[in-house]
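Please look over the sequence and the structure below. The report that follows takes up one part of the fold and then widens the view.

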Amino acid sequence: MKFFVDTADVAAIRDLHALGMVDGVTTNPSLILKSGRDIIEVTKEICSFVEGPVSAEVVALEADAMIAEGKKLAEIAPNIAIKLPLTWDGLKACKYFSDAGLMVNVTLCFSANQALLAAKAGATFISPFIGRLDDINLDGMDLIGDIRTIYDNYGFATEILAASIRTVNHVTQAALVGADVMTAPPEVIRKLASHPLTDAGLAQFMKDWEKTGQKIV
Ligand code: E4P
């Protein structure tokens with residue numbers, strides 16, 4: 001499973017990148033707002049050290065305007081994935097960019113039918129939002145499973161990018177159900193390393209080691 005980091009916080013991305021945990025990055029208008037930085041400038045900085053796909057999202061609502069914005073974002077670096085919303089206009093822009101050989105991440109996907117349309121329009125990635133479905137008492141993971149089945153039934157190459165990941169359990173479930181990629185905030189990725197039995201075991205080992213009076217270096 002590929003790990004994308006869902007943030008525009010460059011320091012946090014660098015931290016995880018140093019450990020080989022960053023296969024790509026996703027941003028959105030809310031994350032750009034949170035970063036307090038200019039979208040072009042911050043995306044360029046991210047692309048200067050992240051080799052994998054870096055999603056940058058358009059904010060226009062009409063296809064021609066989305067295409068104009070997407071072209072500008074694609075100029076930032078060759079590894080930009082143009083992020084487009086799952087609307088009819090977004091699908092038109094998706095087809096345009098996939099025909100042009102550019103990467104597209106179709107975002108705000110909440111149904112299997114939407115995912116089917118995105119694959120037919122040539123999306124590189126489809127982003128079903130797990131957490132936001134859970135927020136309204138639906139099971140986001142069922143959607144990932146349905147999309148996996150549909151894409152496998154017909155051999156679609158579009159990668160399933162599990163998005164809106166809020167918990168470590170979401171990561172496990174998305175991996176079990178066969179998402180190709182997951183994107184999560186840096187703090188969720190860091191939490192994947194935590195386990196209370198690891199902490200307890202380590203504390204016991206430290207206590208016993210101290211009693212030996214030995215040193216390794
Ligand atoms: C995905 O590309 C989005 O940026 C993100 O995962 C949305 O997550 P949220 O629902 O926690 O805002």
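Strand β5 (residues 103–109), helix α6 (residues 112–120) and strand β6 together form a right-handed β-α-β unit; helices (H or I, at least four residues) and strands (E, at least two) are DSSP runs numbered from the N terminus. Right-handed means that, with the strands pointing away from the viewer, the path from the first strand over the helix to the second runs clockwise. The model is a predicted one, in which local features need pLDDT of at least 70 and side-chain atom pairs count only at pLDDT 80 or more, while totals for chains, interfaces and linings use all residues. Residues are numbered from 1 along each chain as its sequence is written.

Within this unit, β5 and β6 pair in the parallel sense over 3 bridges; two strands count as paired if DSSP finds at least two bridges between them. On its other pairing, β6 runs parallel to strand β7 (residues 159–162).

| Strand pair | Bridges | Residues opposite each other |
|---|---|---|
| β5 and β6 | 3 bridges | V106 and I126 |
| β6 and β7 | 2 bridges | I126 and I160 |

A residue is buried if 20 or more other C-beta atoms lie within 10 Å of its own, exposed if 12 or fewer, and partly exposed in between, with C-beta atoms placed from the backbone.

These strands belong to a closed barrel of 8 strands with parallel pairing, in the order β1-β2-β3-β4-β5-β6-β7-β8. Neighbouring strands of the sheet are turned by 30 degrees against each other on average, direction ignored; the axes are lines fitted to C-alpha atoms, and angles run from 0 to 180 degrees between N-to-C directions.

K83 sits in strand β4 (residues 80–85). The UniProt annotation "active site", from an unreviewed entry, covers K83; such annotations may be inferred rather than shown by experiment. K83 counts as buried because it has 25 C-beta neighbours inside 10 Å.

The residues around the ligand include T26, T107 and S127, where a residue is near if its C-beta atom, placed from the backbone, lies within 6 Å.

Overall, the protein chain has 11 helices and 8 strands, and 37% of its 217 residues are buried.
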